[in-house]
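Here are a few exercises to work through with the model open beside you. Try each task before reading its solution.

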Amino acid sequence: MTNLLLPLLQTVAEHTKDNFVKKTRQVEAVQERFLRDLLRAYQATELGQKYEFKDIRTAEQFRQRLPASVYASYVPYCDRIAQGEQNILTPDPVVFFNLSSGSTGAHKLIPVTKRFQNSLRRPNLTSIGFLSSALRQRGSKFGKAIATNSTQLMGRTSGGIPYGPASVGVLRMGKFLCEQIFAHPFETLQAADSLTRHYLCLLFALQQPDTRGIVANFPMLILRTCGYLEQYAEDFIRDIDKGMLAPWLQLEPELRLQLERQIVANPNRAKQLQEILQAEGRLTPEAVWSNLAFTVAARGGTSDFYFERFPAYFSKTPCFGAVCCSSEGAFGIYPELNSDASILAIESAFFEFIPQDQWDVEQPKTLLPSEVKPGNYYRILMSNYSGFYRYDIGDVMEVVGFYEQAPLIVFRHRRGGLLSSTSEKTTEFHVTQVMQVLQQEFDLPLEDFCITLSDDVIPAYYLVNIELAPGKILENPQQFLDRFDRQLSAIHTSYAVKRINNDQIPPPRLRILAPGSFAIMRQRQLEKGVPDSQLKFPHISEDRNFLAGLQVEREVQLSVTPDQ
């Protein structure tokens, strides 16, 4: 049954993709139709009556009548929905709350109805269509994949509505579709313990030599999965040989029994894996799955830093962005492999763009998709079936071109994600570009990094906090720091101007952190309630105590200025 359904899914996905491509040739009409349908469906809600949706006829009237909004303006409504009130933001019952990660700010609860969830299935299906077509052009094909996201709820509201990460809602409401795509039983995702869940997904996928893909929210999480494949190689081989589950796995008895019924001893496969381990000294995705065709992870922003480490595991496997999205909805659909640019998801929301000169205006003048220009940065407002209207999520996007009439967008950084010793406004995108270059120049993979500010000098100097990849040594830290300073000056004019002669920003310092430092930081985030599948680490922080308590192996000062 599964073998028949997967090709059918590909056919439907490619047909959906073809229809989407046609609609990119009439973006204005598609967006107007989406807005009209949204307002008509939601006109009887409390918010719909407040703003008289029934009388709005054009996009211009909509923009004039409703103010641009942020999450704080929806908190009172969401609180009432959480207590069980209905017809507040949506006419349909709220069946789930998407809980934002909270890794870059406070948690948010986003209402999810079946109608909203259905509106998000289309961009996901469209992205599978693009992926399937792209793989065929490479002489490869789409197939089953590993995905290690949890299906565990984080709780229920006082009104009994379940909540959790957006991926939990997607998985639980789309179980049948997921079962056709995953290379492991759906029950593997029910394990609450993160290591146990990853181990189980890998164990069952290793039983299937024809596994084609690895899927995670962020590239850092794919690297973690690769690390587990190496670290527990002998355990995997033993369990596959005997058809058993390792006794150290943290599993509830009933779930363990379910999974033990599904695992079968496979001595031949175990022998193959043992031979790979003996020949190469480790297990890697491309070695254990010879037909591996794709990875899927978020692109743009800080992702390129982690992609620098992908060649250690993926010599030929491309990475696909799938859907650019957040807890609040879908923004873009990726049409190509190994590309950071996604097509505006014109069927999933009504979009407006805030140009940079309007970012500090309380009620900014916005542009429609047809009015944006390549090379410019914008914040996006979205209105969709979540019941949020003209909602500013705070993500900064660069428009890099057009796909037919639809903007091609690349995520750059979060609004407010700025570092300033004086007023230079250094972004995560700036420092990620720099660290990506330095990894290449020094042939030195980093485990991770975070740029902070000193707390004992005014004006503050930059602290370049790095952790080296296991077994690596930085031979010339002074030169590394000098190149950081020069490279940041080269791409960030405001920093360069203020660094001249050290008159406004003092010389930066390098801190080499002890091995395991960023693992400690990630554990701190998990303890704050950030789900492991949503874990993304900030690479700049104005919190002077953000890295407090970590061991500094060496601190290096820079004594030269960028122009010397």
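**Exercise 1.** Does His-184 count as buried or exposed, and why?

*Solution.* Bear in mind that this is a predicted model. Start with the cut-off: buried means under 20% relative accessible area. His-184 comes in at 5% relative accessibility, so it counts as buried.

**Exercise 2.** Find where His-184 sits and work out what its side chain reaches.

*Solution.* Next, look for polar partners. The His-184 side chain gets to the backbone nitrogen of Ala-147 at 3.2 Å, and a 3.0 Å polar contact joins it to the side chain of Thr-188. Finally, skip the neighbours within four places in sequence and list the other contacts of His-184: they include Ala-145, Ile-146, Leu-189, Cys-201, Phe-204 and Gln-208.

**Exercise 3.** Take the aromatic pair Tyr-199 and Phe-236, classify its geometry and say which parts of the chain it ties together.

*Solution.* A ring pair is described by the distance of the centres and the angle of the planes. For a comparison case, begin with Phe-62 and Phe-350: 5.8 Å centre to centre and 85° between the planes, which is edge-to-face. Phe-62 belongs to helix H4 (residues 59-65) and Phe-350 to strand S12 (residues 350-355), so this pair ties together parts 288 residues apart in sequence. Both Phe-62 and Phe-350 are buried.

Now the pair in the task: Tyr-199 and Phe-236 are 4.4 Å apart centre to centre, with 20° between the planes, so go with stacked, as planes under 30 degrees apart count that way. Tyr-199 lies in helix H9 and Phe-236 in helix H11 (residues 233-242), so the parts tied together are 37 residues apart in sequence. Tyr-199 counts as buried at 1% relative accessibility, and Phe-236 does too, at 0%.

**Exercise 4.** Describe the second largest pocket and find which helix gives the most to its lining.

*Solution.* Start with the volume, about 1,100 Å³. Of the 33 lining residues, Leu-223, Arg-224, Gly-227, Arg-309 and Glu-447 are the closest to the centre. Then check the helices: H9 (194-206), H10 (219-231), H16 (428-441) and H19 (517-527) each supply at least two lining residues. H10 gives the most, with seven. To finish, sort the lining by type: 17 nonpolar, seven polar and nine charged.

How values were computed
Residues numbered from 1 in each chain as written. Predicted model: local features only at pLDDT ≥ 70, side-chain atom pairs only at ≥ 80, totals over all residues. Heavy atoms only, no water. 1 Å grid on protein atoms, 1.4 Å probe; cavity = no way out; pocket = protein on both sides within 12 Å on 5 of 7 lines; lining within 4 Å. Points joined across faces, edges and corners; volume = space filled by probe spheres on them. Helix = DSSP H or I, 4+ residues; strand = E, 2+ residues; numbered from the N terminus. Nonpolar A, V, L, I, M, F, W, Y, C, P; charged D, E, K, R; others polar. Phe/Tyr/Trp six-rings, centres within 6.5 Å; stacked < 30°, edge-to-face > 60°. Buried < 20%, exposed > 50% of the residue type's maximum accessible area, 1.4 Å probe, protein only. Polar contact = N/O pair within 3.5 Å; in protein donor to acceptor, adjacent residues only side chain to side chain. Contact = heavy atoms within 4.5 Å.
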